[in-house]
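Q: Hey, I'm new to this one. Can you walk me through it?
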Amino acid sequence: MNDIVQDLVDTVDAVCARHADPERDWNPRLWDELERVGVTLLPVPEERGGAGADLATTAEVLRVLGRHAAAVPAAETALLAGWLLAEAGADVPSGPLTAAVAGPDVALREDAGGAWTLTGTLPRVPWARHAEGVAVLAGGRVAFVPRGGYEVEEGANLAGEPRDTVRLQDAAARVLASAATEKAFRERGALGRAALMAGAMEAATGLAVRYAGERVQFGRPLARFQAVQQHLAEMAGETLLATVAAQAAAADGTGFAVAAAKAAASEAAGTVCRLAHQVHGAIGFTDEHGLRHFTTRLWAWRDECGNEAEWGEAVGARAVDAGTEGLWPLITAGADG
Amino acid sequence: MPALRLDAAALPPELDDLRRDVRAFLAEEIAAGRIVPHADNWLAGWDPAFSRRLGERGWIGMTFPREYGGSAAGSLARFVVTEELLAAGAPVAAHWIADRQSGPSLLKFGTEEQRRAYLPGIARGEIGFAIGMSEPDSGSDLASVRTRAERTGGGWRVNGTKVWTSGAHVAHAMIALVRTGPAGESRHEGLTQLIVDLGAPGVRIRPIRLLTGEHHFNEVVLTDVFVPDDRVLGTVGDGWRQVTSELSFERSGPERILSTFPLLAAVAGRLAGRGADAADRTRIGLLVARLWALRRMSLAVAARLAAGDAPATEAAAVKDLGTRFEGALIETVRLLARVEPDLASSDPLAALLAQSVLHGPGFTLRGGTNEILRGVVAKALLPRGEAR
């Protein structure tokens, strides 16, 4: 990580330390602060209103937000909606945004006057109730429906983060031609979750380490029990793996790397959550303790944007295609692979 | 900031040509039948002729300066070469220890005369080394070594027994950790590294056969073995520091991830041939995904090492995850391969499976057990003294 990225990461870390409040499902104050330091549209080109940063920088910032369980649609705004709009040549508005892929039951229509409307249902749209608008990828087009143009039926993931059903009835949409693919949308979503998960794993591991140092049983801190030490070390290892995987996937930017990183992170998340709770004992399993902010997110995020079965199968398909001779070149291919 | 830290690194693109060259060379070696891919071949594959062919190409001693016969290509170039060799299951044992560990130790702590005596031969693939650390009563707890060296005219008289000494029966020399003085309160004082000529009078080498009957390990009994003063490595009494400073190099290299890779490659080919269903693809895909991530971790450590850093704790974490992966891979591949493991099979998949299963127990033992490694990681995570 270079110094500029490190400074940015430290700035976001400080902002989160002051304003993050994982008890809430939406943190407008934190969002404003993140907009102020200029990280909500990091990878969006400058001429479209963003910061023109690369995916690696974006992933590092998302990792910090994951570490603080930040209640903001940062991945959705920066990696998905901002990308869809900018890619289609539109300026990206400020404020929290969200995005979705139109399923087969969503119809995009153009009337005789050239006005576009969108009708149908979008399930589990992150933070839809709080977003300034939703960018919908529909075939070769992007439709942007501003807040108020749709109805929201509130839903939530395991962590209580908004995952709303969006109902569109002849919703007026701004529509642009788009070269974005559903595959790319899924991969960017997975990359965002992988980065957030790495941060949440850091936090869960950190809490377990702290608790093991403080909690005394049988006259000594848990940390002095070798069995507990083994758990802590395993969590730290899995966290490191998820972190490097997310960084590498963001830097490489290839479909293979993103698939491998999300599969690896989703697998690691299960281990980290299990051990974090085991080390914390009963208190970590209550709503009095902050561990749940991270473990419930990890349990949700490992299945969002594709779990390890989906991405594992994608990686496996590449591996089988590669065969005996091609498997190693597949694994070692860098950004060009 | 977390106690453990790694940042993903990429290899410099100029190493792509080197990788292509190594790949082409290995493909030719395999096609000509000069080498046969084998699991765990950095322990099992002692092939001095192959090592010499690598030496001719400048692919041993890549971290040594040119004046000592090395190619000075650097540790990341060495990373590329070693991972290519391991992935191909090439027989690299004859130079492995010397190239990875003994050579760099000689370079760091050795005298000018010692460097000139050994490094060019190592780089040519002609001189093999063994590691004399473990003893009958000293496994992961290295500070408990009992082999003693006593002062005698012009050198040291060494008595004791080293065990699990891979390749001692075919190597030329062994760097032994011996006790030369009192252990002190830390138990880390009074240890010294000596370069023991394995052909010297008083050196008796007895095989300790693996459960397959293979001969890789040895017991090396040293009875009044004379080691001249000019074969002390580094400083008398400084052995502990010298040995532990190598750990980052020893712990996180690609050999802690790839020992069973040839088996994974073979099953990918089998699935390609017979057709893979979704469950097959998911199973192999999860292995490949984790391997991809582990390799990037290993590379991240290598990049820190290349920059002069010594991330020993991170390296321990990588070795813990990597060596457990080497074993977990076998369990999944068994289910995908659906062949009976057989060392004598003409089906490479059945043979690689048998080699992997039978060598599996060693992966999480050698170079420090995983339980000890996780203890190292935990102690780094916890505030000072809390883990004790």
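Q: How far apart are the end C-alpha atoms of residues 189-295 of chain A, and what share of the span is helix?
A: They lie 20 Å apart, and the span is 79% helix and 4% strand. Helices (H or I, at least four residues) and strands (E, at least two) are DSSP runs, numbered from the N terminus. Keep in mind this is a predicted model, where local features need pLDDT of at least 70 and side-chain atom pairs count only at pLDDT 80 or more, while totals for chains, interfaces and linings use all residues. Residues are numbered from 1 along each chain as written, with chains lettered from A and ligands numbered from 1 in the order written.

Q: What does UniProt call residues 189-295 of chain A?
A: The unreviewed entry annotates them as "domain: Acyl-CoA dehydrogenase/oxidase C-terminal". Such annotations may be inferred rather than shown by experiment.

Q: OK, new topic. How many residues of chain A are in contact with chain B?
A: 47 residues of chain A are in contact with 48 of chain B (in contact: C-beta atoms, placed from the backbone, within 7 Å).

Q: Which element gives the largest share of chain A's side?
A: That's H9(A), with 17 residues.

Q: And how does that side split by class?
A: The side of chain A that touches chain B has 28 nonpolar, 13 polar and six charged residues. Ala, Val, Leu, Ile, Met, Phe, Trp, Tyr, Cys and Pro count as nonpolar, Asp, Glu, Lys and Arg as charged, and the others, Gly among them, as polar.

Q: Switching to chain B: at what angle do H5(B) and H6(B) pack?
A: About 155°, with their axes 10 Å apart (axes are lines fitted to C-alpha atoms over the stretch in contact, and angles run from 0 to 180 degrees between N-to-C directions). That makes H5(B) roughly antiparallel to H6(B) (over 145 degrees).

Definitions and conventions:
Angles under 35 degrees count as roughly parallel, over 145 as roughly antiparallel, 65 to 115 as roughly perpendicular and the rest as oblique. Two residues are in contact if their C-beta atoms, placed from the backbone, lie within 7 Å.
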